[in-house]
Amino acid sequence: MEEKLEQVSLTSLFQEDETAHLLQSWERYVEEVEEIIGYKFKNSNLLYQAFTHSSFQQNCCDSYERLEYVGDSVLNLLIAKEHYFLHPDLPPGKLTRLRAANVDTEKLARVAVKYDFHKYLRHKKPLLKGQVEEFRDATLEYPLHSTGLIDPPKVLADIVESLIGAIYIDCDFSMDTTWQVVEGLLQPLITPTNLETHPVTKFYEVCQKNGWRVELVDKWEETGEIEVFVDGKFVGKGKFSGKKLIALNRAAHNAYCQIVKNLSVEATSDNSGL
C-alpha cells in the first residue's frame with residue numbers, strides 16, 4: 001500500500017513539473033507569436049486556446065475550434081470589405097473568386113508555414129511534422145498558389161483562422177485593429193492580375209470552345225490516377241493517392257498543358273506552310 005502511494009506521489013510530482021515546464025515554454029511562445037504578428041494580447045489565454053488542437057487532451061484549455069469558427073467569418077468579411085472598395089469595377093462573380101483565393105485552405109496554410117505557426121501548436125498528431133514539410137516543399141513549385149494542385153494540411157489553415165478569431169475577440173471586436181494584423185500576415189495578397197483560373201475550368205473551356213468530347217477514366221481506387229481523353233485520344237493524367245480531387249485537378253492541368261502545346265505546334269506548322 002505504501003509503495004502504491006509512493007508511486008502515485010512520484011507520478012503527481014512528475015506531472016506538476018511537466019505542467020510547469022509547459023507553462024514556462026508557453027510564456028516564451030506568447031512573446032514570440034506577439035512579435036511575429038505585431039499585436040500584444042490583453043488576454044493571453046485566447047492565444048493559448050488558439051494554438052491548442054483538439055487532439056491535445058488536457059482540462060486546462062479548450063481547443064481552437066470555436067475561435068476558428070469566429071476567425072473564418074471575420075476573415076471573409078475583412079477580405080470582402082477590402083475588395084469591395086479596392087476594386088469598384090469588379091462584378092460579384094469575380095469578387096467571389098478573388099476572395100476565395102485569399103482565404104482558402106492553401107492560402108492560409110502558406111501563411112502558417114511562412115511564420116512557422118505550427119511550431120507553437122499544442123497537439124498529439126505524430127504525422128503533422130511530415131505533412132508540413134511535404135507541403136512546404138510542394139509550394140516551392142508554385143510561389144503564390146497552386147490552384148488546387150497540392151494538398152495543404154487543413155490544421156495549418158485552422159491555426160491562422162483561430163488566431164484571427166483570438167485577435168478579434170481580444171481587441172474588443174474591432175474590425176480595423178484585426179485587419180491591421182491580418183493584412184500583414186496575408187501578404188502577398190492575390191489580386192485580379194495574378195488570379196489563376198482553376199485547372200478544371202480552363203480545361204473544359206478550351207474543349208467546349210473547340211467542340212471536343214471529354215472522357216475521364218477513373219483509376220483512382222487502384223492507382224491514385226485519373227486519365228483524360230479528348231475525342232478518344234489520351235491527352236494527360238493526374239496522380240495523387242491522398243485525395244481524389246487533387247488527382248482530378250492535376251489530370252485537368254496536365255491535359256490542358258498538353259492541348260495548348262499541341263495547338264501551338266499546329267499553329268506553327270500552318271504558318272510554316274504559308
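Let's begin at Asp 231, which sits in the loop between strand E2 (225-230) and strand E3 (233-239). Helices here are DSSP runs of H or I with at least four residues, strands are runs of E with at least two, and both are numbered from the N terminus. Asp 231 has a positive phi of about 50°, although it is not a glycine. Most residues other than glycine have a negative phi, and most peptide bonds are trans. Asp 231 is also partly exposed, at 40% relative accessible area. Buried means under 20%, exposed means over 50%, and partly exposed is in between, using a 1.4 Å probe and protein chains only.

Quick housekeeping: this is a predicted model, where local features need pLDDT of at least 70 and side-chain atom pairs count only at pLDDT 80 or more, while totals for chains, interfaces and linings use all residues. Residues are numbered from 1 along each chain as its sequence is written, and side-chain values use heavy atoms, with hydrogens and water left out.

Where else does a non-glycine residue have a positive phi? Asp 172 does, at about 60°, and you'll find Asp 172 in the loop between H7 and H8. Asp 172 is exposed, with a relative accessible area of 55%.

H7 (residues 154-170) and H8 (residues 175-185) pack at about 150°, with axes 8 Å apart. That makes H7 roughly antiparallel to H8. The axes are lines fitted to C-alpha atoms, for helices over the stretch in contact, and angles run from 0 to 180 degrees between N-to-C directions. Under 35 degrees is roughly parallel, over 145 roughly antiparallel, 65 to 115 roughly perpendicular, and the rest oblique. On the H7 side, Leu 163, Ile 164, Ile 167 and Tyr 168 meet Met 175, Thr 178, Val 181, Val 182 and Leu 185 of H8; contact means heavy atoms within 4.5 Å. That contact has 8 nonpolar residues, 1 polar and no charged. For those classes, Ala, Val, Leu, Ile, Met, Phe, Trp, Tyr, Cys and Pro are nonpolar, Asp, Glu, Lys and Arg are charged, and the others, Gly among them, are polar.

How many of the 10 residues of helix H5 (residues 105-114) are buried? It's 8, so H5 is largely enclosed by the rest of the structure.

Next, look at Leu 75, in H3. Leu 75 is buried, with a relative accessible area of 0%. Leaving out residues up to four places away in sequence, Leu 75 touches Val 103, Leu 108, Ile 164, Val 182 and Leu 186. Leu 75 and Val 103 are 28 residues apart along the chain, and their C-alpha atoms are separated by 7.3 Å.

Pro 188 lies in the loop between H8 and H9 (199-210).

Zooming out, the protein chain has 11 helices and 3 strands, and 40% of its 274 residues count as buried. Okay, over to you!
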